[in-house]
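Subject: Structure handover

Hello,

The structure is below, followed by notes on what was found in it. Please read the notes alongside the coordinates.

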Amino acid sequence: MAGIKQKISDGFSVAKKYWNTPANGNYVPYKEVASLGCAGLGVHWTTTLASSIGLSAGNFLVGACIGLKPLDLQIMLIVANLIGLPIGLFRGWYFDNHHMKGGKFIPFMLNSAFPIFAISTVFVWLPYDSMSYIVKAVVVEAMYLLLQVFLCFYLEGFSYLQQIISPNAQERATVMSISQIIYSFAPTVTNFIIPTAAGLTYGLNNIWTYRIIYPAFTIIGLVFNYIFFRKVKERLIIPKHKVEYVSIIDALREVSKNKYFWLINGAGWIGFLEGACGVVLGWSFVYAQNGEKQAMLGVANTIIGNAALWAMLLAPLAIKQFGKRNLLIMCNLINVVLFIAMFFSYKSLVMICVIFYLNGFVNTFGNIYLPNINADMRDYHQWKTGVRIDGMFGPLGMIGTVLSFGTGLVVPAIYEHMGLHEDYDVLYNDAMRNNLFEVMIICSIIGAILNLIPYLFYDLTESKHKGYINVLKIRAMFEDYGDGDLDETELKEGMEIIYNARELVGSKPQPVDKTALKNAKKLPKNTDEEKAERKAEIKKARAEIRSIKERNEMIDVMPIVTDELTKFSTPRYQAQLEAAKKTFAMGTLCLYENIDAEMTAAKAMPKKTKEEKEIRSDAIALVRSKRTAVKLINKYGIENISYPTDEEKEEIENRETKTMREQMKAKNDLKALTKKRSVYDRATAPYDHAKRLIAQAENYSHLDDVEAMYSKLVSSTVEA
């Protein structure tokens, strides 16, 4: 007990020390961490009513209250998504290329909150009872579309804000973890109070619940929103030169080359049925036993929501123990088992709650490992292609939105086939409701299995990712050396990676022996001296195990680093370098001749071994790049292809626009400038790639000079 009290006391001391000033090496004081968490409370409560508005049959408001048919709702959702596609592309482009007074994302938090409150409130107070069915559907669609414009800017802005709260990756992860624990209190409160209050008054399937109970939380959310977002800072790392405007199409071309992107997103696309049984909990409380247990839904939601806290606390340990990919597969397998158990026990409210609790616990791990898997995927893309892409992975993921136009009709079609139309009172019929539940649970089982399959081919392990990061650091070190801009920190970090890799060449992983740890735990602990000795031995044994594991991981990483350093001595990169020198000699813009013959020759290359396949693939990629360049030069004329100047950009960005016409002209001029940059980049791509490869080979040849710089740095540090 004394030890616990001491830890609590130490925790308060640390919090007090760094409340206003961050710790050394960090950027965010604890006061701002708390403000971000409270701002998250505001986000959840501001959107409480707006988030309850959805175009699906399982949505109580538009389905049971307003009375729209399941298939009609799905068609309305398809229309909304079609309209939302260009809006989503514009939103991603606007976030990346525009800054407003007060920051890049925080202004969206402050300016979008009230429109969300106003639109969602008007939505629920419209006189739907006096409208015909067609008018009702049109009004719901129009209000939903208007709401989504502000809601998506608001929620995406908050998501991006958390990613730039600190440039320190480890600190950022800690800040996000703590703030999420704080604002997870918001759904805990609403999931208890709203269903409980609704059950004691109007009911979740009565529109008056959404007119009276929900708006109270929205108003509280607005207050939190305006107070705490003003206390959070953006720490966006701005390069020395302005970030260039990038064409959406060019970014999408890069993203489409990433194999892990297709695996990650494909899992969600084919596993769309996994959430089909999500209605079982709410509908069981609202419609089973004639709705007598509806008031208890709030209690059930509160208990089930508590599972998320434990998963958030355990997720980092689970990822460290099993790895992200293995943890994901384990969670999916557990879900399959839970859905099977639900199939045989869904008539019991207690069993439904137990299964949903476990399901919520398992799924919350995904809130931690999925963002990390996506981050690993972006790092892999940079290692593979040399191009860093972040934001445009989202718009390409809209393929899933298009696919949902068809897949989204499946569940509503099942609803209507089984007798659920605009009158949701049929769910009070036990036989009808139970039959529907069984089909939905089977759908979820199928969806969970399908969602699992792509990850069986996902092989981006933690060791591989660490190797790719080390390679990126080495590349940056050599590039900055070539540019004469290499700093001491970068030199030290890069050379330590190289030296560690050299030391481990030929080494084999060492088995992890836990005998010493087991023996240490068996030591006596009767006196204070024995306890201290036992604690020291346990600590020593664990440190030894940790050291072995870290060394084994470095051995796994070593080949990726050594392959990078020696790549220009391999046949593949020698062939690349030879082709690059020929391309470079032809100049920046070139009408490459005999493209068809080059492609024929490239495709005729041998492809029996892995190395032969890589050389052939590189040759085909180069010819395709040349072919694109030739088409663009022929289309626009070589004299019309040039790189946009800074003066051109600045003139458009700083242009005074007083009328709508002037604003539209500025927007079109900026769009034309972006296209001009895109045409230039693609027309000069063969030359630019050749230039970068030649420069990299030249820089890598100066490893001895870089080592000498490092030795000099170490010597001066020792002398000092």
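At what angle do helix α2 and helix α10 pack, and how far apart are their axes? The angle is about 150 degrees and the axes are 7 Å apart, for α2 at residues 30-46 and α10 at residues 207-228. Axes are lines fitted to C-alpha atoms, for helices over the stretch in contact, with angles from 0 to 180 degrees between N-to-C directions. Helices (H or I, at least four residues) are DSSP runs numbered from the N terminus.

This is a predicted model, in which local features need pLDDT of at least 70 and side-chain atom pairs pLDDT 80 or more, while totals for chains, interfaces and linings use all residues. Residues are numbered from 1 along each chain as its sequence is written, and side-chain values use heavy atoms, without hydrogens and water.

Elsewhere, helix α20 (residues 430-452) gives the largest share of a nonpolar patch, four residues. Ile-442 lies in α20 and is partly exposed because its relative accessibility is 38% (buried is under 20%, exposed over 50%, partly exposed in between; 1.4 Å probe, protein chains only).

Asn-594 sits in the loop between α25 (571-585) and α26 (595-603). Its phi is near 55 degrees, a positive value in a residue other than glycine. Asn-594 counts as exposed, at 57% relative accessibility.

Regards

Conventions
Helices (H or I, at least four residues) and strands (E, at least two) are DSSP runs, numbered from the N terminus.
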